[in-house]
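I am opening a notebook page for this chain. The entries below record what I looked up.

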Amino acid sequence: VRGPPKVIHHSSLVAGAAVTAAGEMSIAYGVPLSLSNWSGHYAPPPSCLGAVLEALAWLGAATGAWGAQ
């Protein structure tokens, strides 16, 4: 299919519903650099980082390398 790419805004994925966690992750060449709970839309508490690390571990990510901020 040709044409402009479809744009999906991240905040529309859950249509404003509650989320377990939100924030930012930085990854370079497959190496985790940083993890934070910074989000302008959802304002998650710092405790959400634990849920993120658990989910990443469940998915097989090497969570010991993450530098939680």
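In which segment is L13 found? I find L13 in the segment before β1 (24-28); strands here are DSSP runs of E with at least two residues, helices are runs of H or I with at least four, and both are numbered from the N terminus.

Before going on, I note that this is a predicted model, where local features need pLDDT of at least 70, side-chain atom pairs count only at pLDDT 80 or more, and totals for chains, interfaces and linings use all residues. Residues are numbered from 1 along each chain as its sequence is written, and side-chain values use heavy atoms, with hydrogens and water left out.

Entry, overall layout. Of the 69 residues, 19% are buried (buried is under 20% relative accessible area, exposed over 50%, partly exposed in between, with a 1.4 Å probe and protein chains only). The protein exposes about 5,400 Å², and carbon and sulfur atoms supply 61% of that area (Shrake-Rupley method, 1.4 Å probe; for residues, only the protein chains shown count as cover).

Entry, L13 again. I list L13 as exposed because its relative accessibility is 63%. L13, V14 and V19 form a nonpolar surface patch with about 250 Å² of accessible area together. Patch members have over 30% relative accessible area and no salt bridge; nonpolar side chains (Val, Leu, Ile, Met, Phe, Trp, Tyr) are joined within 5 Å, like charges within 9 Å. A salt bridge is a side-chain nitrogen of Lys or Arg within 4 Å of a carboxyl oxygen of Asp or Glu.

Entry, the strands. I looked up the pairing of β1 and β2: they run antiparallel and are joined by five bridges (strands pair if DSSP finds at least two bridges between them). E24 has S36 in β2 as its bridge partner. The two strands make a hairpin with two residues between them, and Y29 in the turn has a positive phi of about 55°.

Entry, the helix. Which residues of α1 are buried? In α1 (residues 48-58) they are C48, L49, V52 and L56. Viewed down the axis of α1, these buried residues fall within an arc of 100°, so they line one face (the arc is taken over directions from the helix axis to the C-beta atoms). They pack against β1 and β2 (31-36), a contact being heavy atoms within 4.5 Å. On the face turned away from the buried side I find the exposed residues E54 and W58. Just after α1, G60 has a positive phi of about 95°.
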